[in-house]
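Work through the exercises below with the sequence and the model open. Each task is followed by a solution in steps.

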Number of protein chains: 2
Amino acid sequence: MHAGSLFAIGGAEAKLRRRNVLRAFVAEAGGADARIVVIPTASSLGVEVVEVYRAVFTALGVSTVVAVRPESRAESYDPDLVARLDDATGIFMTGGNQLKLSSFVTGTPLGAAIHQAYHRGAVVGGTSAGASILSDHMIAFGSGGSTPKQRMSQLAVGLGLIPGMVIDQHFEQRNRYGRLMSIVAQSPSLLGVGVDEDTAAVVRQGHLLEVVGRGAVTVVDGSNLTSNAYTAKRTAPLLFSGATLHVLPAGSHFDLATRTFVRHVTPVPPDEVREVQAAEADLRRLARDIASDDVSPANYARRLRRGRQHRPSEEAQPTAMVDPQ
Amino acid sequence: MHAGSLFAIGGAEAKLRRRNVLRAFVAEAGGADARIVVIPTASSLGVEVVEVYRAVFTALGVSTVVAVRPESRAESYDPDLVARLDDATGIFMTGGNQLKLSSFVTGTPLGAAIHQAYHRGAVVGGTSAGASILSDHMIAFGSGGSTPKQRMSQLAVGLGLIPGMVIDQHFEQRNRYGRLMSIVAQSPSLLGVGVDEDTAAVVRQGHLLEVVGRGAVTVVDGSNLTSNAYTAKRTAPLLFSGATLHVLPAGSHFDLATRTFVRHVTPVPPDEVREVQAAEADLRRLARDIASDDVSPANYARRLRRGRQHRPSEEAQPTAMVDPQ
């Protein structure tokens, strides 16, 4: 049932340099073979925002980027528009007003097509509003601040691709601890998930969350919560006692079904990745040389020195490092 | 050993109206009989700030307010200055720079006199810097933001009136979730306590915390924490998984020793208190009338009406409400 994956970005993902979040989205959608549908309905500058994402996805090697832009609920019933999702491997919803997006899409044939794409194996996600809409219960709007207060935030109905959680975005940058907790205080069965900017919560198999990007994903689990949210007066600070808190930076893995932290793998910086790849290439050459039977460590070092001379763009390195002398 | 109480205010407590926090401090210090020592060393406007608190405490009925203002570490060794704490029932440290306060006071005879006053039964506390300094491990400074990051905050040594916790202030208003968690990430044995503005964490018997005021006290318990703070790189977002979170508004009681929520009692608004007191006075009068044996409910209502006429400042009320007719 969960063939695809979900991609909830906290907004303001890098588009020019260090595009780790959008690069991960493209990889999840199939890389060069990806066929990405951009839905910019949440944005007021829908046309322009499509061009931005078309440029970024193209720069990241994607050959096909298609815009699907319903500007009313009626348009989400248009069979021609809905058909454009038929062979999508990725669906990307932009930021903006999630209530506009959800009220135009949720419960329409376009909404159903997004579900079908997800169950067929596509990655479905987006940034900011496009992240909030993924869950069944969606934060519609609310105010900032660390301390949860009564009536601080409002729920509406999202796409429902994932049940039992509520997704907030711009989490650190707009100080949204309070509004996320105010939702969980009223509905402790919902897992509260707050995504920082330039950061993504990637959900695979419907429950395995991995964090990608520059910030963190904050998970608030109210399983054992004591709260007075059912009785507190308007704007009063809420009692919110006994929640379990997880702040998960890039490389963290979390199981949404069991609500448990799985592991953290320190992401390796791209520079180190290139170094390791170069070292692996050297090792492969060494293995070939050994196989071709004309090798000793000293021979290998000499050959390496000769090889280096053919690649003048590389930095000169002391050959003593690979010389057993 | 814990005869006194501690009073950690998150800064910006109301001084003109709804002075619930400072009123609670005065009550804790003995009300009209209180003898309050104000230590304004953290403030750069020490003289002026003493006059502010002298005015407020006097307005709240305190007869004796004394200033003790060391402006160097040497002055905290001055026996005359230290002697002014001898019969204090309350010690109030103002806001400002907690490192100035702690470096001038901690480990000096003045610091020892504060400990003695506390163990003798005085209430010791303060606002902002004056709250931070109460614990053994003190947040010296740090930067704002929701997500904990490596090197976001710095510890120094506080007065040590309470062990095992670290107190942050202006918690909601300056978005200090991140910095409090960054401390607990490195030292999970410390209980992180964040106090909002115009709010106080009152600690009695060395471990029973009660919340007073307009905001909330946030408690971060890292007993079961998984973190990468021992290895994360400078400024990287920290893994902070499995903490227990408590947001405690006014009327909440929390046991710092067992790290458990005790109960929440909805504070009654002052208007309701006055109404109940008036009703109680009426009931007492009724009881007296019954005792003096000339009473029936109709008699009582008539008498009440007559009583009302002598108090013309009160609003006219329909007497039918107390008339059994």
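Helices and strands here are DSSP runs, helices of at least four residues and strands of at least two, numbered from the N terminus. The model is predicted.

**Exercise 1. Ser128(A)**

Task: Locate Ser128(A) in the secondary structure, decide whether Ser128(A) is buried or exposed, and describe its backbone and surroundings.

Solution. 
- Step 1. Ser128(A) lies in the loop that links E5 with helix H6 (129-132) in chain A.
- Step 2. The cut-off for a buried residue is a relative accessible area under 20%. Ser128(A) has 10%, so it is buried.
- Step 3. With residues up to four places away in sequence not counted, Ser128(A) touches Ile9(A), Gly10(A), Gly11(A), Gly95(A), Gln169(A) and His170(A).
- Step 4. The phi of Ser128(A) is near 60°, a positive value in a residue that is not glycine. Most residues other than glycine have a negative phi.

**Exercise 2. A loop residue in chain B**

Solution. 

**Exercise 3. Strands E1 and E8 of chain A**

Task: Find which strands pair with E1(A), and explain why E1(A) is described as largely enclosed. Then treat E8(A) in terms of pairing and burial.

Solution. 
- Step 1. E1(A) spans residues 5-9, and five of the five are buried, so the strand is largely enclosed by the rest of the structure.
- Step 2. Burial applies to both faces: Ser5(A), Phe7(A) and Ile9(A) lie on one side, Leu6(A) and Ala8(A) on the other.
- Step 3. One partner is strand E10 (residues 199-204) of chain A, which is antiparallel to E1(A) and joined to it by five bridges. Within E10(A), Arg204(A) is the bridge partner of Ser5(A).
- Step 4. Strand E5 (residues 123-127) of chain A runs parallel to E1(A), again with five bridges. Here Ser5(A) stands opposite Val123(A).
- Step 5. Strand E8 (residues 165-168) of chain A points Met165(A) and Ile167(A) one way and Val166(A) and Asp168(A) the other way, and all of these are buried.
- Step 6. E8(A) is parallel to strand E9 (residues 191-195) of chain A, and four bridges join the two. Asp168(A) has Gly194(A) as its bridge partner in E9(A).

**Exercise 4. The nonpolar cores**

Task: State how many residues the largest nonpolar core has and which of them have the most contacts inside it. Then find the contacts of Val124(A).

Solution. 
- Step 1. Nonpolar side chains tend to be buried together in soluble globular proteins.
- Step 2. The largest core has 47 residues, and Ile91(A), Ile114(A) and Val124(A) have the most contacts inside it.
- Step 3. Helix H5 (residues 109-120) of chain A gives this core its largest share, five residues.
- Step 4. Neighbours within four places in sequence aside, Val124(A) contacts Ser5(A), Leu6(A), Phe7(A), Ile91(A), Met93(A), Ile114(A), Tyr118(A), Leu134(A) and Leu161(A).
- Step 5. A second, separate core has 46 residues, including Phe104(B), Val124(B), Leu209(B) and Val211(B).

**Exercise 5. The two chains together**

Task: Determine what rotation superposes chain A on chain B, and describe the contact between the chains.

Solution. 
- Step 1. Chain A superposes on chain B by a rotation of 180° with 0.0 Å of shift along the axis, at an RMSD of 0.2 Å.
- Step 2. The two copies are therefore related as by a two-fold rotation axis.
- Step 3. The C-alpha of chain A nearest the axis belongs to Thr244(A), 2.2 Å from it.
- Step 4. Both copies use the same surface, since 100% of the contact residues of chain A recur in chain B.
- Step 5. The contact involves 32 residues of chain A and 32 residues of chain B, and about 2,500 Å² is buried between the chains, 57% of it on carbon and sulfur atoms.
- Step 6. Glu172(A), Leu245(A) and Val247(A) supply 22% of the area that chain A buries against chain B, more than any other three residues.
- Step 7. Thr244(B) belongs to strand E14 (residues 240-249) of chain B.

Definitions and conventions
Residues numbered from 1 in each chain as written. Chains lettered and ligands numbered in written order. Predicted model: local features only at pLDDT ≥ 70, side-chain atom pairs only at ≥ 80, totals over all residues. Heavy atoms only, no water. Least-squares fit on C-alpha atoms with pLDDT ≥ 70 in both. Contact = heavy atoms within 4.5 Å. Buried < 20%, exposed > 50% of the residue type's maximum accessible area, 1.4 Å probe, protein only. Pairing = 2+ DSSP bridges. Core = buried A, V, L, I, M, F, W, Y, C linked by side-chain atoms within 4.5 Å. Buried area = accessible area lost by both parts, 1.4 Å probe.
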